[in-house]
Amino acid sequence: MFLYIYAMSKTISLLNFKGGVGKTTSTYNIGYYLATQGYKVLLIDADAQFNLTQMAAADQTSSLYRILKKQSVVSPHKIADNFYIIPSSLELIKADIELSGQIHREYILDKALRRIKKNFDFVLIDCAPSLGLTTVNAIFTSDLIFVPIEAEYLSLTGYSVLTEALDNIDYEIDKVFITKYDSRKVLNRSVKDSIFDKLGPNAFQTPIRQNVALAEAPTSSQSIFEYAPDSNGAKDYESLTKEIIKEYG
Ligand SMILES: Nc1ncnc2c1ncn2[C@@H]1O[C@H](COP(=O)(O)OP(=O)(O)OP(=O)(O)O)[C@@H](O)[C@H]1O
Ligand SMILES: [Mg+2]
């Protein structure tokens, strides 16, 4: 007897209220690697800073703001084979206030994506470092929450704050992964160990090392796999994404 297992589309928010931890860098490079492995990937830039949109060199038509405001239909921009983005723009900064009086305001994105999610294997949402209405919309359309975290003492406090905020809306963190890791730093090593101890299976095993190529790649609108395929950054994002595929692919 044959068993057919249909792959389900998975929507994942990359979330941390702390800024600069690598949410955008991770969204782009994980998404790119998944696309090279044959998965159809949609990125959503849910941050008014539109860094992900810049990384993808995407224009800002059919932006998330216009979708949330129902001024535009969902029409993802193609970055590469299997690789698409719904871009952001500075005007997204107005969305939280403008939508605050609307009924079912937390589910606008979920409703907008309902028809197109099935066309993708993975939808990755790059969240802003705050819990505004746009972030809540991202969370409420997600199956999974991934949290990039630096192996520093204060990150653990941030992690508790995030856990509590998500608990208030009946969500929880599914996975944490370490970013900007420097094994020469004693503190980085000891915090990494305590993250692994404390979180067990809720932590991915691959730490993303501190790697200058990861910071340089966006200047040429490239993923790390195109910009510096032999770099530690490329090795680490490949290994992390393989963990993701193993568990959720
Ligand atoms: N592993 C790394 N090694 C070196 N630099 C990195 C690494 N990851 C990210 N960076 C750099 O750190 C900065 C912040 O990263 P990124 O923009 O991905 O974080 P973020 O969490 O999305 O920030 P924000 O909260 O502002 O949206 C960027 O300049 C990026 O290029
Ligand atoms: Mg970002």
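Residues are numbered from 1 along each chain as its sequence is written, while chains are lettered from A and ligands numbered from 1 in the order in which they are written. As the model is predicted, local features need pLDDT of at least 70 and side-chain atom pairs count only at pLDDT 80 or more, whereas totals for chains, interfaces and linings use all residues.

We may begin with the sheet. Helices (H or I, at least four residues) and strands (E, at least two) are DSSP runs, numbered from the N terminus. An open sheet is formed by 7 strands in the order E3-E4-E2-E5-E1-E6-E7, with mixed pairing; two strands pair if DSSP finds at least two bridges between them. At the edges stand strand E3 (77–80) and strand E7 (175–179), each with a single partner strand, so one side of each is left without a neighbour in the sheet. From one strand to the next the twist averages 25°, with axes taken as lines fitted to C-alpha atoms (for helices, over the stretch in contact) and angles running from 0 to 180 degrees between N-to-C directions.

Strand E2 deserves a look of its own. A residue counts as buried if 20 or more other C-beta atoms lie within 10 Å of its own, as exposed if 12 or fewer do, and as partly exposed in between, the C-beta atoms being placed from the backbone. By this criterion 6 of the 6 residues of E2 are buried, so the strand is largely enclosed by the rest of the structure. In a regular strand the side chains alternate between the two faces of the sheet. Here Val41, Leu43 and Asp45 point one way from E2, and Leu42, Ile44 and Ala46 point the other way. E2 (residues 41–46) runs parallel to strand E4 (residues 83–86), and 4 bridges join them. Across this pairing, valine 41 stands opposite phenylalanine 83, and leucine 43 has isoleucine 85 as its bridge partner. Strand E5 (residues 122–127) is also parallel to E2, joined to it by 6 bridges; leucine 42 has valine 123 in E5 as its bridge partner.

Turning to the helices, H7 (residues 153–168) has 16 residues, which at 1.5 Å a residue should span 22 Å; its end C-alpha atoms are 24 Å apart, which agrees. The expected span is 1.5 Å times one less than the number of residues. Ser155, Tyr159 and Leu162 are buried in H7. These residues cover an arc of only 65° around the axis, which puts them on the same side of H7; the arc is that of the directions from the helix axis to the C-beta atoms. The face turned away from them carries exposed residues, including Tyr153, Thr157 and Glu164. Aspartate 170, with a positive phi near 60°, follows H7.

In helix H8, Asn188, Val191 and Ile195 are buried. Seen down the axis, they fall within an arc of 70°, so they line one face of H8. Val186, Ser190, Asp193 and Asp197 are exposed on the other side. The buried residues of H8 pack against H7 and E7, contact meaning C-beta atoms, placed from the backbone, within 7 Å.

Finally, ligand 1 has 18 residues around it, of which Gly19, Lys23, Thr24, Thr25 and Ala215 come nearest; a residue is near a molecule or strand if its C-beta atom, placed from the backbone, lies within 6 Å of it. Helix H1 (23–36) gives the most to this shell, with 3 residues.

Key: Two residues are in contact if their C-beta atoms, placed from the backbone, lie within 7 Å.
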